[in-house]
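Good morning, and thank you for coming.

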Amino acid sequence: MTGRVDAVGRTEGSLLDPALTAEEARGRLKVWHGFGLAGAVFSPWLLGEVPLDAAPGLKRVGTVAFPFGTHTLTSKRVELLECVRLLASAAEVVLTPALVASGPMSDLEREMGDLLKTAPELEVRFVVEWARLSTPARAKFLRLLRDFPPAAVRIATGVYAPLPGPSEVSSLKPLLPKKVLLKAVAAEGGPRVEDLLAAGADRVETARPGRSGGRP
């Protein structure tokens with residue numbers, strides 16, 4: 001029983017289906033609040049449509065430049081400030097994929113640093129597609145994390161394949177700075193919440209809490 005409670009308390013529900021209505025989101029949040037989930041991840045529009053009292057106690061996590069990450073740095077900073085205005089307590093920012101994969105280290109350094117400075121009141125998380133990065137790109141990103149540590153690193157948007165599984169989680173977790181949490185994504189027919197947590201993930205997102213997985 002204890003293991004089950006711990007797993008639920010480290011799971012975040014996904015509200016990132018672009019066709020999801022505010023009414024549907026409120027219904028899901030009511031159920032998830034009863035489960036004792038750690039939080040819920042919102043699109044920016046839903047953050048504005050769903051009031052705080054829809055799920056008291058659940059952390060409200062906004063998204064920035066999701067899922068492509070190809071917004072300009074200025075646009076991302078504005079979206080972070082919008083997350084603050086819409087009463088999110090955390091925000092997940094998709095870093096520019098080209099910069100993470102093969103761009104100059106100085107450009108990625110600037111993006112990471114400026115994003116962390118934009119809204120210090122927010123728990124800022126970085127999002128990368130870990131499974132799609134080359135070994136040199138991974139080394140560059142890990143190096144910059146030491147100087148620009150976010151609250152967490154989400155290692156997949158959940159939109160693109162492949163999704164990192166338990167083996168990737170267990171190998172990456174020891175490489176992250178000590179205070180940086182690792183967040184994975186569970187998917188129907190893919191990695192399971194329980195397996196990802198057992199492998200060392202600090203948080204797992206799923207569209208179907210209470211099941212093995214589901215697409216965001």
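**Pocket, cavity and helix contacts**

The lining of the largest pocket is made up of 11 nonpolar residues, 1 polar residue and 2 charged ones. Here Ala, Val, Leu, Ile, Met, Phe, Trp, Tyr, Cys and Pro count as nonpolar, Asp, Glu, Lys and Arg as charged, and the others, Gly among them, as polar. The model is predicted: local features need pLDDT of at least 70 and side-chain atom pairs count only at pLDDT 80 or more, while totals for chains, interfaces and linings use all residues. Residues are numbered from 1 along each chain as its sequence is written, and side-chain values use heavy atoms, with hydrogens and water left out.

The volume of the largest pocket is about 220 Å³. A pocket is an open set of points on a 1 Å grid over the protein atoms alone, with protein on both sides within 12 Å along at least five of seven lines; a cavity is a set where a 1.4 Å probe fits but cannot get out, and lining residues have an atom within 4 Å of a point. Grid points are joined across faces, edges and corners, and a volume is the space filled by probe spheres set on the points. Of the 14 lining residues, Leu95, Pro97, Val128, Glu129 and Arg132 are the closest to the pocket centre. Helix H5 (residues 97–102) gives the largest share of this lining, 3 residues. Helices (H or I, at least four residues) and strands (E, at least two) are DSSP runs, numbered from the N terminus.

How many cavities of 30 Å³ or more does the whole structure hold? The search finds 1.

Let me turn to the helices. The axes of H6 (residues 105–118) and H7 (residues 135–147) come within 11 Å and cross at roughly 45 degrees. Axes are lines fitted to C-alpha atoms, for helices over the stretch in contact, and angles run from 0 to 180 degrees between N-to-C directions. H6 and H7 are therefore oblique to each other; angles under 35 degrees count as roughly parallel, over 145 as roughly antiparallel, 65 to 115 as roughly perpendicular and the rest as oblique.

For helix H4 (residues 73–85) and H6, the axes come within 9 Å and cross at roughly 25 degrees. H4 and H6 are therefore roughly parallel.
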